[in-house]
Every structure is written in C-alpha cells, then in structure tokens.
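Student: Could you take me through this structure one question at a time? I would like to see how each answer is reached.

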Amino acid sequence: MDKFVSLVKEMKSLPLEERDKLVEEKKKVCICPTCPSFNKCAIVEREKLFCLLGRSFMCISYEEGCNCPTCPISKEVGLEYKYFCTRGDEKGQRYEQSVWGSTLSE
Ligand code: SF4
Ligand code: SF4
C-alpha cells in the first residue's frame with residue numbers, strides 16, 4: 001500500500017491522545033521553519049506539518065520557495081506534492097489531482 005495512505009489509515013485508527021503524540025513527534029522533524037515562505041506569524045502560532053494538518057490557518061499566504069521536497073517526512077511518508085501551507089495538505093492535493101487532473105494552484 002502507498003506509504004501516505006498507510007499513514008492516514010494508521011492515524012485514523014489511533015486514539016486521539018496517541019494521534020496527538022504522533023503529530024507532535026512529526027512536528028519536531030518538520031523543516032518548515034527553514035523555508036523562505038515560513039514567517040514570524042507561523043512561529044508564534046506554532047504552525048507546522050502542513051502536509052498532514054492542512055494549509056496555514058492565518059499566517060502564510062505567499063509562496064517564496066518550499067523546502068518540503070528535502071524534508072525527511074516527505075520521503076518517510078511518500079509525499080507527492082509541496083507548498084502544503086498555501087495549497088492544502090497532501091490528501092487534499094491528491095484529491096484535486098484525481099478530480100480535476102491538476103491542483104487548484106497549478
Ligand atoms: S513535508 Fe513540508 S510540511 Fe511536511 S513536515 Fe516536511 S517541511 Fe513540514
Ligand atoms: S509547506 Fe513548504 S512552502 Fe510551506 S512553509 Fe513548509 S516548506 Fe515552506
């Protein structure tokens with residue numbers, strides 16, 4: 001099974017507390033803070049791990065480069081997309097691709 005699909009299934013099956021723990025662990029590995037698109041607001045709001053948690057709620061609106069392809073998480077869970085902070089999580093971008101043949105941002 002696709003690594004990302006396996007992760008989503010695993011996360012769904014976990015009790016809330018365990019899921020939160022997993023998210024916190026992955027947040028520690030997330031390299032978004034090294035990215036040119038990341039900003040002070042995102043630091044203050046503790047926004048990270050957009051690939052799994054979805055786009056930036058109120059901090060990041062401009063794309064000035066994306067470090068996701070070099071992030072260990074990207075390889076670990078088999079991500080196919082990037083710019084998750086502005087374009088939405090991996091699940092959403094895969095869905096857009098399957099429905100429209102492209103993501104909305106392309
Ligand atoms: S792939 Fe991108 S959003 Fe996901 S953890 Fe890595 S740097 Fe953060
Ligand atoms: S999701 Fe990509 S573009 Fe957004 S902050 Fe993380 S590394 Fe940068």
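**Helix faces, packing and loops**

Student: Which exposed residues are carried by the face of α7 turned away from its buried side?

Tutor: Keep in mind that this is a predicted model, where local features need pLDDT of at least 70, side-chain atom pairs count only at pLDDT 80 or more, and totals for chains, interfaces and linings use all residues, while side-chain values use heavy atoms, without hydrogens and water. Residues are numbered from 1 along each chain as its sequence is written, with chains lettered from A and ligands numbered from 1 in the order in which they are written. Helices are DSSP runs of H or I with at least four residues, strands are E runs of at least two, and both are numbered from the N terminus; buried means under 20% relative accessible area, exposed over 50% and partly exposed in between, with a 1.4 Å probe and protein chains only. On α7, the exposed residues of the face away from the buried side are Y95 and S98.

Student: Within what arc do the buried residues of α7 fall?

Tutor: The buried residues here are E90, Q93, R94 and E96. The arc is that of the directions from the helix axis to the C-beta atoms. Seen down the axis, these residues line one face of α7, because they fall within an arc of 160°.

Student: And which helices do those buried residues of α7 pack against?

Tutor: Contact here means heavy atoms within 4.5 Å. By that criterion, the buried residues of α7 (90–100) pack against α1, α4 and α6.

Student: What is the phi of G101?

Tutor: G101 follows α7. Its phi is positive, near 80°.

Student: Let's turn to α1. What arc around the axis do its buried residues cover?

Tutor: F4, L7 and M11 are the buried residues in question. They sit on the same side of α1, because around the axis they cover an arc of only 60°.

Student: Which exposed residues does the face of α1 turned away from its buried side carry?

Tutor: The buried residues of α1 pack against α2, α4, α5 and α7. The face turned away from the buried side instead carries the exposed residues K9, K12 and S13.

Student: Are α1 and α2 parallel or oblique to each other?

Tutor: Axes are lines fitted to C-alpha atoms, for helices over the stretch in contact, and angles run from 0 to 180 degrees between N-to-C directions. Under 35 degrees counts as roughly parallel, over 145 as roughly antiparallel, 65 to 115 as roughly perpendicular, and the rest as oblique. Helix α1 (residues 3–13) packs against α2 (residues 16–29) at about 135°, with the axes 9 Å apart. The two helices are therefore oblique.

Student: How do the residues of the contact of α1 with α2 divide?

Tutor: L7, E10, M11 and K12 of α1 meet R19, L22, V23 and K26 of α2. Ala, Val, Leu, Ile, Met, Phe, Trp, Tyr, Cys and Pro count as nonpolar, Asp, Glu, Lys and Arg as charged, and the others, Gly among them, as polar. The residues divide into four nonpolar, no polar and four charged.

Student: Is L49 buried or exposed?

Tutor: L49 is in the loop between α3 and α4, and its phi is positive, near 50°, although it is not a glycine. Most residues other than glycine have a negative phi. Because its relative accessibility is 1%, L49 counts as buried.

Student: Last one: which residues is E47 in contact with, leaving aside neighbours within four places in sequence?

Tutor: E47 is found in the loop between α3 and α4. At a relative accessible area of 11%, E47 is buried. Beyond its sequence neighbours, E47 is in contact with F38, A42, S56, F57, M58 and C59.
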